[in-house]
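Colleague: Could you take a close look at the aromatic rings in this model, and at what lies around them? I would like one connected account that I can follow on the structure.

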Amino acid sequence: MIQRLTGRMIFLAFLVSFVACNAPPVPLDDIVVEKTFTPEKCDRAVQPGDFVRYHYNGMFPDGKKFDSSYDRGTTYNVFVGRGQLIAGMDKALVGMCVNQRSLVKIPPELAYGKNGYGDIIPPDSILHFDVLLLDIWNTEDKVQIQTYYKSEKCGRTVEVSDFVRYHYNGTLLDGTLFDSSHTRMRTYDTYVGIGWLIAGMDQGLLGMCVGEKRIITMPPSLGYGEHGDGSDIPAQASLVFDVVLLDLHNPKDEIKVEVQSLPDSCPRKSKEGDFMRYHYNGTLLDGTFFDSSYSRNRTYDTYIGKGYVIAGMDQGLLGVCVGESRRITIPPHLAYGEEGTGTKIPGSAVLVFDVLIIDFHNPSDTVEITKEKPEQCGYTTKRGDFVKYHYNASLLDGTYIDSSHKYGKTYDVVLGAGQVIPGMEQGLMEMCVGEKRKLVVPPHLGYGERGVDGEVPGSAVLVFDIELFGVEEGLPEGYMFVWNEDVSPDLFKEMDRNKDLEVDLTEFSDYIQQQVNEGKGRLAPGFDPHRIIESMYHNQDRNKDGKITEEEFKLKAEEAAAHDEL
């Protein structure tokens with residue numbers, strides 16, 4: 001009995017399972033929405049009256065497909081809640097987020113009802129839609145701006161008619177990339193607010209600072225509208241631009257000068273025609289480095305106000321002091337213009353130079369002398385004098401060059417003999433022993449354009465602090481030996497000690513040296529006496545045979561056109 005009952009129960013269970021597997025779908029009273037993918041972030045959900053773009057696969061409960069937007073290669077674009085969709089889809093789309101995917105099950109009464117739809121959808125059909133939402137917007141939407149980075153210092157913001165340079169990534173609302181300036185490795189350069197851009201970008205760029213990063217979201221009415229761009233941007237698409245502003249100027253801009261530091265004293269300011277030496281760091285407006293004189297370990301040397309540098313720099317270097325630091329911001333029409341230059345300065349770029357003025361001079365400059373005389377000042381120096389002095393040498397910005405003190409002795413020269421630079425020679429003239437002077441020497445009276453390798457830069461203005469410690473009066477100009485008393489009438493015979501009627505170099509040298517030692521004659525101070533005497537001897541040796549005869553001696557003495565030391 002138990003076995004027969006058990007067998008009947010097994011048969012009934014099998015029959016129930018068979019009927020259940022082949023039974024028609026249970027009728028739905030309302031839509032069923034099963035979320036198959038939910039994005040992490042949902043900034044906006046569909047509301048009645050919104051316009052949406054979505055993809056879908058339409059299927060019957062048995063999985064048979066009856067329609068698909070994918071097959072047509074375009075999204076389905078429609079207003080929600082306006083009766084443009086079957087009631088179930090109108091209802092199912094409300095509350096969905098962009099990139100959300102849902103399986104929507106719709107009963108016949110909220111789909112095509114008892115009539116069905118032609119030969120495609122039979123009467124009383126339950127419909128399943130696999131929906132992927134790609135876009136939402138509303139006719140009331142405006143441009144939305146989300147700033148996610150802004151520099152602490154923002155001296156200027158974008159206004160209508162400004163010219164800007166910016167990078168961007170352009171995506172659809174679902175994140176699909178359609179364009180990027182980064183991939184082209186070139187900024188997008190344009191005027192703002194005059195119709196050169198789509199309306200939403202024109203609006204979205206206003207108020208930005210250089211360096212600012214913002215996300216600009218715009219509805220299609222402010223983007224590419226009902227038709228898209230014919231390529232990567234579909235019709236009725238919201239657009240999202242991730243923008244970083246790199247540059248900003250206006251065609252009416254002039255240079256901007258910010259003085260960052262000034263020296264304690266400024267006896268002179270630069271003017272047009274001056275020659276200047278300065279250091280600089282050059283950057284774009286967003287801080288991108290493009291050049292530096294420091295990296296070359298050499299100043300930039302140029303005339304100013306003469307067109308040797310870009311117009312903005314010509315202007316920015318006028319009226320500066322030695323030792324001054326200033327920042328010069330130059331719009332492109334006063335720099336390298338629309339074309340830029342090289343690989344580091346792009347077209348239409350604003351340039352920023354941080355400048356340190358090392359020195360400047362004018363080609364008409366003379367030696368500038370500041371004197372500090374002792375209480376008593378008798379004899380003053382002149383050409384030919386042998387002078388002894390100490391000096392400290394520096395550049396105009398104070399950079400140390402050299403000092404005689406470190407050698408433990410004075411620097412000794414003959415004035416007018418070309419033994420020092422012209423500016424020093426001028427500065428040592430008419431000076432008293434004990435007098436102190438400060439000399440500012442322009443390069444054309446110093447070491448010129450070349451300077452001294454490793455010590456004095458080319459075209460450098462020099463500053464010398466000097467003190468005169470001693471002077472030995474020189475001989476009249478052009479003389480290397482003079483008599484302190486009347487010349488002997490038997491001069492030749494006195495020289496010719498061996499009485500061979502010829503004077504050789506030894507006899508001549510010994511005789512002159514004897515006259516100097518006895519105070520009867522004087523050699524030019526500051527020179528090698530042996531070389532002076534040898535030079536005098538060769539002047540007397542007319543036929544260059546290595547000896548002087550009385551006839552040569554007389555011939556030399558009788559020359560009217562030239563002096564004779566003897």
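Modeller: K213 lies over the face of Y149, at 5.9 Å from the ring centre, and R82 is placed over the face of F79, with 4.0 Å to the centre of that ring. The model is a predicted one, with a mean pLDDT of 91 for the protein chain and 93% of its residues at 70 or more.

Since Y168 belongs to strand β8 (residues 163–172) and Y188 to strand β10 (residues 188–191), the pair ties together parts that are 20 residues apart in sequence. Y168 is buried, at a relative accessible area of 6%, whereas Y188, at 32%, is partly exposed.

The rings of Y278 and Y300 form a tilted pair, with their centres 5.7 Å apart and their planes at 55 degrees; this pair links distant parts of the chain, as Y278 lies in strand β14 (residues 275–284) and Y300 in strand β16 (residues 300–303), 22 residues apart. Here Y278 is buried, with 2% relative accessible area, and Y300 counts as partly exposed at 32%.

Elsewhere, ring pairs join Y54, Y56, F60, F66, Y76 and F129 into a cluster.

Methods. Residues are numbered from 1 along each chain as its sequence is written. This is a predicted model: local features need pLDDT of at least 70, side-chain atom pairs count only at pLDDT 80 or more; totals for chains, interfaces and linings use all residues. Side-chain values use heavy atoms; hydrogens and water are left out. pLDDT is the predictor's confidence in each residue, from 0 to 100. Helices (H or I, at least four residues) and strands (E, at least two) are DSSP runs, numbered from the N terminus. Buried means under 20% relative accessible area, exposed over 50%, partly exposed in between (1.4 Å probe, protein chains only). Rings of Phe, Tyr and Trp (its six-membered ring) pair if their centres lie within 6.5 Å; planes under 30 degrees apart count as stacked, over 60 as edge-to-face and the rest as tilted. A charge sits over a ring if NZ of Lys or CZ of Arg is within 6 Å of the ring centre and within 35 degrees of the ring normal.
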